[in-house]
Every structure is written in C-alpha cells, then in structure tokens.
Amino acid sequence: MLAVVGFHALPQWVPGGFVGVDIFFVISGFLISTILFENLRNGTFSFTEFYARRVRRIFPALAIVMAACLAFGWVALLADEYEQLGKHTTAGAGFLANIVLWSESGYFDNEAATKPLQHLWSLGVEEQFYLLWPPLLWVAWRWKTGLLAVTLSVLAVSFALNIGGIRFDKIATFYWPLTRFWELLVGGLLAWLAVHRAALLAQTEKRFGNVLSASGAIFLGAGVALIDAGAAFPGWWAVLPVAGAGLIILAGGRSWINRVVLSNRVLVWFGLISYPLYLWHWPLLSFAGIVQDESPGPATRAVVVLVAILLAWLTWRLIEKPLRFGGHGWKKTQFLAAFMLTIGLAGYFIAANEGLPFRAHAIAYGGNTGHLDFHRYITRHFHPCLPKQIADESPKWAGHARCAQSRPDAEIDVAIIGDSHAEHLFIGLAEAVPAQNFAFYIRYTKRPFVNNAEFATIYQHVRESRTIRKVILTMNWENAMRHDPSDALIESDILATADALIRAGKQVYLAEDVPAFPFRPKKCKEKRWPHTQIGQRCEVGDLQTADAQGPWRSLLHDAVEKDPRIQLLHTREYFCKAGLCSMIADDKLMYRDFRHLNINGSRYVGYRLVHDHPDLSK
C-alpha cells in the first residue's frame, strides 16, 4: 500500500505506484485461498464462518471511513458533489464501486481527484472475487474436480479477457472484475502449492529463494518505474507487479530480502495498518483538493499523509482489533452488517435527494454547473436528430443521445458539426432562431473533418441534403492542435472540408472556441467551507486562460484568409474584454466546467452570434 500512497501523494516521484493494488491482489489471493484450500482439505470449510470473518475483517475500517466522509461532506461539499459522494458510498457499501466508476467513465467524467471514494474500486473487485471463488472451489471439491485445474482454468480465462479487453476498452478492462481475477488467482495458485505441494515448495525456497526474491524485487521495481497512468493497463503491463509479488511469495521466509528487508519492524508495522491507511489516505487527499479548489501542494500532501498514518493506526488499534478479534464474534458480525447497511442507505438517501441542497451554500451567480442539467435540457426540449443512422451512431452520455435537432421536421436548415464544443452552441442557436431547424452532429474524435471515416455518414447526409444551407464547423481547437503536431495538416483538413461543403452548395462558418479557464466554475459560483467569500475568481487575465498560448486562433484566421468563402464566427470576444476573461456575463454563470458552456452560456453566445451574423437566421 505504500506504493499506492506514494503515487497519490507524489505521482511525479512514484509514477507507477498504483500497481500496489495489483500486488495487494496477489497477496490477498494467496492468504485467503490458503485458508480455503486448507479448510476444504480438512473438511472444515463453512460458508457462514468464512463470510463472517470477511465482514469482521473488511467492514470496521471501511464503515468508519465512509461515515467520516459523509460527515465531512455534509459541511464541505456542494450539492452535486455530495450527491456523487452518496452514490459512491452506497456503491462502496455494496462492493460495487468498480462497476459504478466504470459506468461513469467518459468524456465528461469529472477527474478522480474530486471523488473521495474512488479508491474503493479495488475492494469491489476483491469482494466480488470472494463471492464467487469459495462457492466455485466448494463445488469443485464436492464433485471431486481437481482444484488445481479449476484454479488454472479460471486464471487463464481471466488473463485472456484482460489481454483481449485492453485492446478494445482500457477503462472497462481496468475496472471489470473478470479481467482482474487472474491477479488474485496467481496468489491462489501459490496457495494451492503451499497446501498441496508443501515439500516441493520448501525445496524450491531452499534452493532458489534468494534468486526468486531478488527477481521479484526487480519486477516490482520495474513496474513502479516503467508503468505510468498512460500505459495500457492492466494488459501485459500488469504481469510485472503480479509476477514480482508472486516470486517474492514463492521465495518463502528464508530468503534474504524477505527475512531482512520485508521483515523490518517498520515495514511490518505499516503492514498491520496497511488496510486502514489505504482507506484513509485518498479521501483526505481528495478533500484537501476539493476544499482548496486546486491540487494541494507538496507541504499539504505531506501533512495529509501523516494524518492518514495517524488515523490508520488509531483505526487499527481502537476499531479493527477489538471488532475483529476476541469473543462475541457473531454479535460483532451482525452489528457490523447493520452498520454497513445503514451507511449504504444513508448514501442512497443523499444521492436520491440530489445531495441535500437545503444545506445551502451562499450563491453568487445563478447558472448550472456540471453536465447532467445541460444534457437533460436538450433531451427534454428538443428532438432526436435525423436520419436515424446518425442518431444511432452518436455518442451517449448518462443515457442521453448527443445528437439532436430543434424541430421534429426531417428537413434540417443548419448543421453544427464537431465535438462537444459544437454541441454546446446548439441550445443558444436553436432558441435564437426558432424558425430554423438546427441540428448538431458530433463524435468523440479530435478531427471532425470530411476525410475522417467516423464522420463519413454525417458528411454524406449533409452534402446530399437539399435543405441544409448552412454548416457551422467547430471543435476544441486547442486540444486538437495539442495532439497533432502539424498545424499545416489541420489547416489543409479545414480547407478541404469547407471546399467539399461549399461545392455542395453550403455556406460554411468556422467558429472560434470559447476561452478555457484554469479553474472550475463552482469556485466563483458558491462559497465552500472553510472559505468566507464567494465569486472571487470568476475572471483571469487573457493570457492566463488555458488556451491563450495556443496557435489555434491564428490557424483559423489563416484558413479564412486562404478561402474567403468561409465566414469566421468570433466567440472568444464575448468573454474576453480589456485583457480580462470572465465566466460571468449579465450577472450569470456561463460555464458548466472549465471549458464547456452551460445553458446560460449557450444562450448568451447563440443570441450574440445571430445578432452579429444576421445571415444565420435567414
């Protein structure tokens, strides 16, 4: 767990520290599977006893940490943040955090740093494994099927799913239990050897222990040093930490590294508090960033880690030990189960009631933040786009199709093409010109041009349509140029796309992007404890905006100069004046995150675009 804490506290120093979770999976699989194999061999296995022990092991620290998060969140979190915390608390109590986090992943998913219970995904994977693994072993034992064969078969299938899945969906492969079970089963395989081939294992330890432990340490070191957040992980990369942990376990207690280094009293002490330390450290780091509205500095992180270590020791000493050991085991199990159920229901109540907004924080400016209200508004006030093929191929977010038109008629007058930065213009333009039928067509890709196969159906429809007379092309230009080193290539794609549309009889507009801010809109909208002032950071200098240094503006101007048939729509100037850029206009908040307009912002830009370019309404 120290590697995980290091990664979260100092990611630039420990870039691959998150593989500590994979090491934990192997150790957990070894320890628990050893108990299972021994009990099955001795005929003493009991489902009731096994799961009661899991409850007394897992529930005490977990329930306390989640209860503390809900208590602190009541004071410190805004309504949408508290709603999300409630949802994640319920998922954590039901050991479904990995599934919930996977379902939330996507373009608009808020960053992990704002999710205090993000780390509970690993407990979800572990406990899902232990819901399935004991019954499977018990059935195999009753049917006299080889336990080794079962272990190897499930391990092989899970590993194959991991390798295959990483090619198609990295996020699902990271969170999905079936693509992670193989890591616990490596520990399970070692447990089978320890129980059923103890003599062979002892000889291996005696002859090769030092070589095995040294090799394992090299594998672990390589994993921490070479793997980073950008790797296709787990996939083949996960073999490094998993194999490293397995080799160190296989080396046994007599190898020098295991006997001298890993048996050091300090490391043993950290081992005792590792579980509560894992539970405490991330919520503390996350809350520190949330209340500061920015990533905490090194000094803050160091203090937070020290506090986490203290809380972990207190949790182990005062809560874990008394509830896990000693008499009255059945009563303790019942109490812990009831307590966990209460925590889960409390989280559900908070989530179901939209984060209990009656805990009102002072509000400086009206306007929604977050993405759900924006997409709900489009779904409720507009219509699915046509043709149906484009609608079916459109991206989805939280169940909302991201392709719409302003009128139910099949004939479109104006098409907006691009990514989410085309989407956030739609509401304003559609409401500013209700007589025209506006539609937006987007994809997740960074290149919404005519030569991109993902847009083939869209451009075919637009070019062949006799009613679409105007096309607005826009996107997150700064992001596109950051991922494409060739400005000339993007410019040529813009010109080629515009020429293809113009030759099809369309008027083409190239829209600038709105400024991207270095802070979230919540920071200027609402007062968050412990701060006493609101609305303090709604504007920054023009050069401080996240996109200010990008060359995209000159690129768009160059494209329009080379092809005067293209009209340039200026949007940045609506927010930036006299050297300052602001999220506020007409005393309303215009953004839902640091670079996407909310409903107010879309209306504000849409009406001004129509005012400045009357031809859009004709």
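Me: Why is Phe181 called buried?

Reply: In this predicted model, Phe181 has a relative accessible area of 6%.

Me: What makes Phe129 count as buried?

Reply: Its relative accessibility is 2%. The limit is under 20%, and therefore Phe129 counts as buried.

Me: Why is the pair of Phe129 and Phe181 called edge-to-face?

Reply: The model holds 32 aromatic pairs. In the pair of Phe129 and Phe181, the ring centres lie 5.2 Å apart and the planes stand at 65°.

Me: What places Arg180 over the face of Phe174?

Reply: Arg180 lies 4.6 Å from the ring centre of Phe174. The distance limit is within 6 Å, and CZ of Arg must also be within 35 degrees of the ring normal. Arg359 is likewise placed over the face of Trp74, at 5.9 Å from the ring centre.

Me: Which residues have the most contacts inside the largest nonpolar core?

Reply: This core has 92 residues, and those with the most contacts inside it are Phe37, Leu62, Met66, Leu85, Leu120, Trp133 and Leu279. Helix α3 (residues 47–76) gives the most to this core, with eleven residues. Apart from it lies another core, of 45 residues, among them Val414, Ile416, Leu589 and Val605.

Me: Which residues does Met66 touch?

Reply: Leaving aside residues up to four places away in sequence, Met66 touches Thr89, Gly92, Ala93, Leu117, Leu120, Met340 and Ile343.

Me: Why is helix α14 described as largely enclosed?

Reply: Of the 19 residues of α14, 16 are buried, so the rest of the structure largely encloses this helix. Helix α14 covers residues 274–292 and reaches 27 Å from its first C-alpha to its last, close to the 27 Å expected at 1.5 Å a residue. Asp293 follows the helix, with a positive phi near 60°.

Me: What makes β1 and β10 the edges of the open sheet?

Reply: The sheet has seven strands in the order β1-β4-β6-β5-β7-β8-β10, with mixed pairing. Strands β1 (383–384) and β10 (567–569) each have a single partner strand, so one side of each is left without a neighbour in the sheet.

Me: How do we know that β8 and β10 pair?

Reply: Three bridges join strand β8 (residues 507–511) to β10, and the two run parallel. At least two bridges are required, so these strands qualify as a pair. Ala511 stands opposite Leu569 in β10.

Me: Which strands pair with β7, and over how many bridges?

Reply: Strand β5 (residues 414–418) pairs with β7 in the parallel sense over five bridges, and Ile417 stands opposite Leu473. Four bridges join β7 to β8, also parallel, with Ile472 opposite Tyr509.

Me: Why is β7 said to be largely enclosed?

Reply: Five of the five residues of β7 (residues 470–474) are buried, so the rest of the structure largely encloses this strand. Lys470, Ile472 and Thr474 point one way and Val471 and Leu473 the other way, and all are buried.

Methods
Residues are numbered from 1 along each chain as its sequence is written. This is a predicted model: local features need pLDDT of at least 70, side-chain atom pairs count only at pLDDT 80 or more; totals for chains, interfaces and linings use all residues. Side-chain values use heavy atoms; hydrogens and water are left out. Buried means under 20% relative accessible area, exposed over 50%, partly exposed in between (1.4 Å probe, protein chains only). The expected span of a helix is 1.5 Å times one less than its number of residues. Rings of Phe, Tyr and Trp (its six-membered ring) pair if their centres lie within 6.5 Å; planes under 30 degrees apart count as stacked, over 60 as edge-to-face and the rest as tilted. A nonpolar core is a set of buried Ala, Val, Leu, Ile, Met, Phe, Trp, Tyr and Cys residues joined through side-chain atoms within 4.5 Å. Contact means heavy atoms within 4.5 Å.
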